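Reader: I am new to this structure. Please take me slowly through a single part.

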Amino acid sequence: MNLRSNAHCHTVYCDGKNTPEEMIRAALERNFVSLGFSIHGWTPYEPTPTSIEREAEYRAELRALREKYRGRIEILIGAERDFLYERDFSDYEYLIDSAHCLERDGEIFDVDWSPEVTERAVERHFGGDYYAYCRAYYEQEARLCEKSDAAFIGHIDLVSKFNEGNRCFDESDPRYLGPAMEAVEVAVRRGKPIEMNTGAISRGYRTTPYPNPLLLRRIRELGGEIIINSDAHEASALDVGFDLCVELARSCGFDHVLRLRSHGFEEVGLVGSADSPLLPRWGDGLLTP
Ligand SMILES: [Zn+2]
Ligand SMILES: [Zn+2]
């Protein structure tokens with residue numbers, strides 16, 4: 001099934017490889033109805049080549065492209081906001097709340113940069129204890145979900161990016177699952193959709209999306225919503241792994257997922273065609289374009 005939408009992608013305005021227009025053309029080739037752009041909001045500590053000025057250029061270019069492609073595809077102008085840096089994002093139409101970093105011992109380090117960076121950080125700040133590291137991440141994630149006014153939560157379990165095959169820790173261990181479930185529960189209680197993210201597949205770190213099935217089942221049990229996104233950093237990755245996500249979501253009990261349109265979220269039934277979405281509805285946390 002073709003979901004025909006993605007609300008999480010990056011371009012040359014931050015750490016992506018393609019221009020916004022190249023991404024839009026790739027989306028049109030895939031028959032997308034909507035494409036949401038989510039530049040990494042500038043922070044003093046993230047090494048992506050953006051700036052407040054570049055962000056303004058990005059929004060202007062997307063507004064122009066929205067006019068150029070009006071009637072063919074809906075363009076949404078969003079940003080991915082990192083938890084550790086507070087600033088104004090009111091110029092955006094929607095936000096993704098994500099945590100890419102952890103702060104420990106006065107140092108901010110990335111959790112998703114490379115397996116080597118993670119290994120070094122776990123050694124240095126957690127005495128090599130991956131469960132303590134994951135707990136710190138999920139405690140931060142729970143705080144993020146508690147205060148989030150974003151449209152949805154990005155990659156809630158990013159700490160598992162380099163953990164395929166339980167390479168560093170066992171994802172069914174209560175020491176991992178306990179704190180992860182707590183973060184998921186806060187997100188669902190706050191009505192925040194949680195993302196299924198395939199970014200690590202296109203980057204060659206994983207063959208499966210995250211969250212893992214244990215967390216997905218818990219989201220379903222709690223009545224939470226999910227949105228499938230590729231977190232694409234290049235045009236060819238726009239819908240990587242979407243079929244796998246649909247299959248996984250179905251096997252975890254979901255009968256629909258969300259997709260982001262210019263009028264808000266709509267539910268896409270996982271049985272049948274994406275052309276007949278179930279109930280269109282407004283999403284909490286969406287600013288009106
Ligand atoms: Zn991210
Ligand atoms: Zn991203």
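Which residues are buried in helix H1 (residues 20-29)?

Author: This is a predicted model, where local features need pLDDT of at least 70, side-chain atom pairs count only at pLDDT 80 or more, and totals for chains, interfaces and linings use all residues. Residues are numbered from 1 along each chain as its sequence is written, while chains are lettered from A and ligands numbered from 1 in the order in which they are written.

In H1, the buried residues are Pro20, Met23, Ile24, Ala26 and Ala27. Buried means that 20 or more other C-beta atoms, placed from the backbone, lie within 10 Å of the residue's own. Helices are DSSP runs of H or I with at least four residues, strands are runs of E with at least two, and both are numbered from the N terminus.

The buried residues of H1 fall within an arc of 160° seen down the axis, so they line one face of the helix. That arc is taken from the directions from the helix axis to the C-beta atoms. An α-helix has 3.6 residues a turn, so residues three or four places apart point the same way.

What covers this face? Strand S2 (34-40), helix H2 (52-68) and strand S3 (74-82) are among the elements over the buried residues of H1. Contact here means C-beta atoms, placed from the backbone, within 7 Å. Just after H1 comes Asn31, with a positive phi of about 70°.

Helix H7 (residues 213-221) can be read in a similar way. Its buried residues include Leu215, Leu216 and Ile219. They cover an arc of only 100° around the axis, which puts them on the same side of H7. They pack against helix H5 (174-189), strand S8 (194-197), strand S9 (226-229) and helix H8 (242-251). Gly223 follows H7, and its phi is positive, near 85°.

Definitions and conventions. Buried ≥ 20, exposed ≤ 12 C-beta atoms within 10 Å, placed from the backbone. Contact = placed C-beta atoms within 7 Å.
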